[in-house]
Amino acid sequence: MNKMNKMNKQIITPFTVQADERIDYDKIVNQFGSTKISVKLLERFQKIIGKKIHHWLTRNLFFSHRDLNLILDNYEKGKTFYLYTGRGPSSEALHLGHLIPFMMTKWLQEVFNVKLVIQLTDDEKFLWKSGKLVDFQYLARENAKDIIACGFDSENTFIFTDSNYIKELYPNVLKIQKLVNFNQIKGIFGITQSDCIGKISFPAIQAAPSFYDSFPHLFCENTPCLIPCAIDQDPYFRMTRDVAPKLGYIKPAILHSKFFPSLRGIDKKMSSSDLSSSIYLTDTMEMIKKKINKSFSGGKESIEKHREYGADLEIDVPFQYLTFFMEDDDKLEQIRSDYSSGKMLSGEVKKILIDILQKLVLNHQKKREKISDDIINKFFEK
Ligand code: TRP
């Protein structure tokens with residue numbers, strides 16, 4: 001085998017996340033040309049907001065950015081910005097991974113007290129998947145309940161579906177469409193000649209909310225935008241940043257997260273057709289327990305061996321999940337040390353995780369239940 005073949009091949013686009021081995025995030029940063037979040041930037045962040053920054057930042061789960069420093073510079077000078085994130089409504093039940101950008105966005109909204117727009121791309125899912133448009137419109141509204149359940153403030157949050165809000169977006173969509181040609185779209189998104197023409201023009205629709213005047217009811221002056229998202233969405237915003245100055249806008253800043261691992265192993269993909277590869281927000285407490293107990297462990301096969309060698313935390317899914325959902329840094333460090341030395345067993349770690357996830361999911365389900373049509377409408381109204 002030559003050297004090329006041995007290299008970990010990975011494909012990261014908004015439509016495919018694929019790696020032969022573990023995802024190499026440094027490689028993505030190099031390929032995409034984003035910037036890793038440095039300790040120095042985090043220290044500045046903390047100083048500016050005057051409180052502890054989110055553990056997903058300190059733990060490097062949000063690990064890369066574009067122009068986050070400029071957002072902070074401006075904020076320090078008393079200038080505001082707005083947040084933009086979104087979801088493609090492809091299924092009724094969201095899994096834990098889907099919540100991550102929204103939970104981060106919620107924290108950012110609270111810390112900076114800024115406006116937030118959330119795009120539900122019913123059009124995107126209609127174009128890429130099979131199904132009727134009305135089905136994706138329905139899913140968008142169902143998914144909005146899960147998003148609202150994350151605790152967003154309706155005064156400061158505007159949620160829209162593309163198929164409905166397109167009239168307002170269209171002037172900016174047009175200006176973007178005029179500046180991007182088919183070759184660029186082919187290069188950035190891997191779209192081919194035989195894809196339907198809707199796919200070719202869709203990226204302009206995901207780009208448009210990055211520009212403040214797509215929301216005339218919210219902003220009247222050129223306001224910078226910060227987009228928290230998983231790093232697979234970066235191609236859309238590379239394109240957006242490319243056209244922004246040509247149209248007189250500030251380039252949107254981006255905050256990138258890593259991918260949330262599958263229960264089957266950190267190198268496996270979470271798949272919506274494989275229900276046991278992730279924890280769904282609709283799972284019962286019993287299902288959560290079963291799934292975590294069956295999840296891929298980095299512990300050793302026998303207790304004797306485990307006590308001697310300890311667990312491999314890098315590949316241990318329950319431990320990786322704890323880095324996302326155990327907020328207490330000291331407790332997490334204790335587990336890191338005890339589990340990797342073999343003092344703690346895999347079953348004990350799983351039990352701690354089950355407890356945390358059951359509480360989180362139950363809490364989410366209770367909040368979601370209370371979201372009436374009236375509440376949803378408050379977020380959708382202009
Ligand atoms: N394309 C995204 C998805 O499939 C949805 C989306 C639209 C989005 N706008 C966004 C995600 C902005 C992050 C940020 O899930």
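Let me start with how charges are counted: Lys and Arg count as positive, Asp and Glu count as negative, and His and the chain ends are left out. By that count the protein chain has 55 positive and 48 negative charges. Their mean positions are 2 Å apart. Keep in mind that this is a predicted model.

Now the overall picture. The protein chain has 18 helices and nine strands. Its C-alpha trace spans about 65 × 55 × 45 Å along the principal axes. What is the radius of gyration of the protein chain? It is 21 Å. A compact globule with 382 residues would come out near 21 Å, so the two agree.

Of the 382 residues, 52% are buried. The accessible surface comes to about 18500 Å², and 51% of that belongs to carbon and sulfur atoms. How do the contacts run along the chain? Take those with a separation of 6 or more: 76% of them join residues 24 or more positions apart.

Let's zoom in on some residues. Find Gln109 in helix 6, which covers residues 96-112. Is Gln109 buried or exposed? Its relative accessible area is 5%; the cut-off for buried is under 20%, so Gln109 is buried. What does its side chain reach? The side chain of Gln109 comes to 3.3 Å from the backbone oxygen of Asn156. Setting aside neighbours within four places in sequence, Gln109 also has contacts that include Leu83, Val114, Leu116 and Phe152.

Second stop: Leu313. Look in the loop between helix 14 (303-309) and helix 15 (317-325). Leu313 sits in a loop, and it is buried, with a relative accessible area of 11%. Beyond neighbours within four places in sequence, Leu313 touches Phe319, Gln320, Arg336, Tyr339 and Ser340. Now look across to Asn377. It is 64 residues from Leu313 along the chain, and their C-alpha atoms are separated by 44 Å.

Last stop: the two ends of strand 4. Asn60 is in the loop between helix 4 (55-58) and strand 4 (62-66). Asn60 is not a glycine, yet it has a positive phi of about 65 degrees. It is partly exposed, with a relative accessible area of 36%. Then comes Asp67, in the loop between strand 4 and helix 5 (68-76). Asp67 is not a glycine either, and its phi is positive, at about 60 degrees.

That's my tour. Over to you.

How values were computed:
Residues are numbered from 1 along each chain as its sequence is written. This is a predicted model: local features need pLDDT of at least 70, side-chain atom pairs count only at pLDDT 80 or more; totals for chains, interfaces and linings use all residues. Side-chain values use heavy atoms; hydrogens and water are left out. Helices (H or I, at least four residues) and strands (E, at least two) are DSSP runs, numbered from the N terminus. The radius of gyration is taken over C-alpha atoms; the globule rule is 2.2 Å times the number of residues to the power 0.38. Buried means under 20% relative accessible area, exposed over 50%, partly exposed in between (1.4 Å probe, protein chains only). Contact means heavy atoms within 4.5 Å. Accessible areas come from the Shrake-Rupley method with a 1.4 Å probe; for residues, only the protein chains shown count as cover. The place of a charge is taken as NZ of Lys, CZ of Arg, CG of Asp or CD of Glu. A polar contact is a pair of N or O atoms within 3.5 Å; within protein, one must be able to donate a hydrogen and the other to accept it, and residues adjacent in sequence count only if both atoms are side-chain atoms.
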